[in-house]
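This report is meant for someone meeting the structure for the first time, and it takes up a few of its features in turn.

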Amino acid sequence: MPGGYVDKILKVNLTTKNVTTEAIKEDVAKKYLGGKGYAVYLLYQYLKEYERRGLSPQNIDPLGKENILIFATGPGTGVPRFPSSGRHHIMALKAPLTGSIGSGNAGGEWGAFLKFAGFDGIVIEGASDTPVYLALVDGKAEIRDAGELWGKNTMDTTRALTSLVGGKNTSVVCIGPAGENLIPMATVMNDEYRAAGRGGLAAIMGSKRLKAIVVSGDQKVPVAKPEEFRSVADRCLDTMKKNPVTGEGLPTYGTAILVNVINNAGAFPYKNWQSGVMPDADSISGETLTKDYLIRKRACWGCTIECGRISSVKSGPFQILTAEGPEYETIWSLGSACGISDFGAIVKAHQVCNELGLEPISLGSTIAAAMELNEKGYIPAEDLQGWALGFGNAAVIVDAPWRTTYKVGFGKYLALGSKKLCELYGHPELSMTVKGLEMPAYDPRGIKGMGLAYATANRGGCHLTGYTVAPEILGIPEKIDPLITEGKAQWVKAFQDFVSVVNSTVNCQFTTFALGAKDYAELLSAVTGWELSEDEIFKIGERIYNLERVIMNRLGVDGKDDTLPSRLLKEPMPEGPVKGHVVDLEKMKEEYYKLRGWVNGTPTPEKLKELEIEL
Amino acid sequence: MVRARILLFATLRDKYGVRELEVKCDGTVRNLIENTAKAVLDKGFLGHVYDVGRNKVRDDLIFSINGRNIKDIKEQIKIKEGDTVAIFPPLAGG
């Protein structure tokens, strides 16, 4: 067995209560690594089996028993000194919010501790009739009754299970009431404050009545070439320490530092993307967070970057003693997107989201869409029930999470997500989504490569899949002009392929501000014992991305879905440094499909053969 | 002479104790930075922001004029009356 794996995948069928394990298949691991890659491979096997049984992938209910949920780690996870390797990746055949592939990634400790408990990953099939949780302790796994936990928020659930199980290296991943209530924006939480947020993965757990998974153990993760690994890892950690982003920017300010950077570039979406400039962005910036709200930093397991924040709001109507974050995306979605500049309200609303297990990017974007619908007079008064839903009303974002979770008042409409909400009120064009997933905090009218990245990300409107913000705005690894479209396709493809490897190694994407594919090749070679080159790293990533796209095609997604909302394609930016700009998507898309070897968003047989993907 | 608005962010703000100031200059970036150094009462500001040897803004900063990064501006750079110059030290996010 190669190093980096503990050679055990847990398979749980919640309908039959059958619990089995299987070994890692080395030939699969060599092609797909682990984490997201291995999970994509497994999901494809399920898809094929369902098709063989006559169940069309397009008929699979995201909240039904046939949906598959996989928690995965990779060969880097839980290996001491492997940079920032406490993370795990979650994949699902279908995400409730989008109806296409579900994918999420979270930090904290749970990923590393899953390995220490003796497992590389967990595959969840079927659904239980009654609430249950899984306990994975010292290599053994049990399904246990979760009746007493059902209804509890994520903090109480985490503390109850940590206390109950005790032991060493104990960590909990769980859902809150939002997941139990099948809200399509429900997020899976771990270690109290970390989230695998997008697409409603927690609603899948809710539909399976799986409340939580607690892990505990002390198993060591083997390393094939320990001395070589130590030398490579130390060099990488030193590189990260000396890098101004991973060594200074992120530790000092957290991700919130981006607020002023992106706003200055005129690409900070304001009031449901009606503009890219927020007039008082500084009041919700990283600088303001650090000066007025920060208590201390917080790091995930094995991470030297320490981008996590612990904050407090000392006084006022949104006073709160401690809360983790907020991150850049949350500050944007509950702040600028809704026209809100009250930082205290954002911190409080974020805490409430975490407790309930609700994802702020999609929630905030849905509130913003509802605000615009209401200001334009499209929502009847009886639906609002007196709620003052308008841009700039800070009380709305603090109120909205529990209304949405319990479908109270207008909350039952917010709970639909912005796409269905806007369709319901006859204005689908006001939903700022791609493939049903709300886009994060970068307006591609000012950062053109992100337009292509959003349009072609397999899971929908996602910034992490192809983060061209790095070269376009930050100048990492080199500066490219954000307002041109030429050459963006190769950047988007390169990022998508490389990030697929990062999500399959399972460590943190932020390491890539300092480390490149060559570093990953050396780290993974030393851990696994395989001889991996930089080219092979990119090929593995390309393979994973293409197989994920094959699954998407089978779920009914193709080139027509690789697009953007009409606001970004047709409404020129009204003000600011990128006034007058729209996204010229078609040119970039044509170049991208050519590079990818796709036709109409579908990999060709030749491309699949080249990548050794066996269908 | 023209007047420009200088915005400092992140560690630059902490180090020089100022968020925003108005500075006069002869229209060149170098003179703007030299005069900003005088305004913040710290000669070190010039070397912090400008590569004197190569006579250009330091590569590792984000230096923008009216929101446009100086590295993306193809035409000859001239500071005009009322321009806003924003300076960020190296940093990032997600």
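## Layout of chain B

In what order do the elements of chain B run from the N terminus on? In this model, which is predicted, the elements of chain B follow the order β-α-β-α-α-β-β-β-β-β when read from the N terminus, and they amount to 3 helices and 7 strands.

## Overall form of chain B

The C-alpha trace of chain B spans about 35 × 30 × 25 Å along its principal axes. Because a compact globule with 94 residues would have a radius of gyration near 12 Å, the 12 Å of chain B agrees with that expectation.

Of the 94 residues in chain B, 36% count as buried. Where contacts in chain B link residues at least 6 apart in sequence, 46% of these contacts join residues that are at least 24 apart.

## Domains of chain A

The domain assignment divides chain A into domain 1 (9-216), domain 2 (255-437) and domain 3 (443-610). The centres of domain 1 and domain 2 of chain A, taken over C-alpha atoms, are separated by 27 Å.

## Where domain 1 meets domain 2

Between these two domains of chain A, 34 residues of domain 1 are in contact with 23 residues of domain 2. On the domain 1 side of this contact, the elements that give two or more residues are α4 (154-165) and α5 (177-180) of chain A, and α5(A) gives the most, with 3 residues. Sorted by class, the side of domain 1 of chain A that touches domain 2 of chain A has 16 nonpolar, 16 polar and 2 charged residues.

Definitions and conventions: Residues are numbered from 1 along each chain as its sequence is written. Chains are lettered from A and ligands numbered from 1 in the order in which they are written. This is a predicted model: local features need pLDDT of at least 70, side-chain atom pairs count only at pLDDT 80 or more; totals for chains, interfaces and linings use all residues. Helices (H or I, at least four residues) and strands (E, at least two) are DSSP runs, numbered from the N terminus. The radius of gyration is taken over C-alpha atoms; the globule rule is 2.2 Å times the number of residues to the power 0.38. A residue is buried if 20 or more other C-beta atoms lie within 10 Å of its own, exposed if 12 or fewer, and partly exposed in between; C-beta atoms are placed from the backbone. Two residues are in contact if their C-beta atoms, placed from the backbone, lie within 7 Å. Domain bounds come from an automatic or database domain assignment. Ala, Val, Leu, Ile, Met, Phe, Trp, Tyr, Cys and Pro count as nonpolar, Asp, Glu, Lys and Arg as charged, and the others, Gly among them, as polar.
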